[in-house]
Amino acid sequence: KKGKLEDCYSSDPTKNELFIVEGESAGGGVRITRNPKYQAFIPLKGKPLNVIKKANQSKIFKNNEIMSLAYALGGIGEDFNIEKLRYHKIVILTDADLDGFHINALVLTFFYHFYIDLIKKGYVYIALAPLYKIEAGTKYYYAWDKEELKEITKDLKNYSVTRNKGLGEMNPRDLFD
C-alpha cells in the first residue's frame, strides 16, 4: 500500500531518487525543497522493526512504514523485480544523533535482508545531516562534528554558529543544501 509515499513523476529510474526520512517534520522540509519531478520521499514514523529478530518476522508485513517502503520499491520477496525499480538512488536521511544512527542501522538491515541487490548495485545511500551551520557574512558552511566546526571557524572572523537539533528543525533551504 502506498501509505505516506510522495512519489515523483519522472519515469527515468536513473534520475529518480527516493528519500527515506526520519519523521513527519523532516518530511515537511523535504516536501518543500524537493524536485517533485525526480525526488520522491517517504517519512518513517518511529523506528522500523529489527527484521533480524525472529519474533518480528510475522510483524514485518503488518508494519505500515515497511509496507509503504515495499510498495515504493515495487514489491518484496518474489514480487520484487530490480529491473522494474523506479529509483536508482535510495537515500536514508535521519538526524545526526543516536536515534538517527539506530534508524540507519535498522533500515540498512531491512535492505540487506530483503533487498541485498540494491546494496550490491550501489543504489542505497546514507545522507549525513550536518550538526552545525556557520554563517560568515554572505557565506554559509556546514560542519558534521565539533572537529570540523573548529577547522572551518579557525580562520573566520565575525561568524555565527547554529546547532541543528534534528532534520525537522532545520530550515528547509539548509536541508536542501
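## Strand E1, residue by residue

Look at strand E1 (17–22) in this predicted model: Glu17, Phe19 and Val21 point one way, while Leu18, Ile20 and Glu22 point the other way, and all are buried. Buried here means under 20% relative accessible area, with exposed being over 50% and partly exposed in between (1.4 Å probe, protein chains only).

Residues are numbered from 1 along each chain as its sequence is written, and side-chain values use heavy atoms, with hydrogens and water left out. Because the model is predicted, local features need pLDDT of at least 70 and side-chain atom pairs count only at pLDDT 80 or more, whereas totals for chains, interfaces and linings use all residues. Helices (H or I, at least four residues) and strands (E, at least two) are DSSP runs, numbered from the N terminus.

## The sheet around it

E1 belongs to an open sheet of four strands, in the order E2-E1-E3-E4, with parallel pairing. The edges are E2 and strand E4 (124–127), each of which pairs on one side only. From one strand to the next, the twist averages 25°. Two strands count as paired if DSSP finds at least two bridges between them.

On one side, E1 pairs with E2 in the parallel sense over six bridges, and Leu18 stands opposite Ala40 in E2. E1 also pairs with E3, again parallel, over five bridges. There Leu18 stands opposite Ile90, and Phe19 stands opposite Val91.

## Helix H2 on the sheet

Helix H2 (residues 64–73) is mostly covered, with seven of its 10 residues buried. Those are Glu65, Ile66, Ser68, Leu69, Ala70, Ala72 and Leu73. They pack against strands E1, E2 (39–44) and E3 (89–93), and also against helices H3 (98–114) and H4 (116–120); contact means heavy atoms within 4.5 Å.

H2 packs on the sheet, touching E1, E2 and E3, and its direction makes about 165° with that of E2. Axes are lines fitted to C-alpha atoms, for helices over the stretch in contact, and angles run from 0 to 180 degrees between N-to-C directions. Just after H2, Gly74 takes a positive phi of about 95°.

## The largest pocket

The largest pocket has a volume of about 430 Å³. It is lined by 22 residues, and Phe19, Ala127, Leu175, Phe176 and Asp177 lie nearest its centre. E1, helix H1 (24–33), E3, E4 and helix H6 (172–176) each supply at least two lining residues.

On a 1 Å grid over the protein atoms alone, a pocket is an open set of points where a 1.4 Å probe fits, with protein on both sides within 12 Å along at least five of seven lines; lining residues have an atom within 4 Å of a point. Grid points are joined across faces, edges and corners, and the volume is the space filled by probe spheres set on them.

## The whole chain

Stepping back, the protein chain has six helices and seven strands, in the pattern β-α-β-α-β-α-α-β-β-β-α-β-α along the sequence. Of its 177 residues, 44% count as buried.
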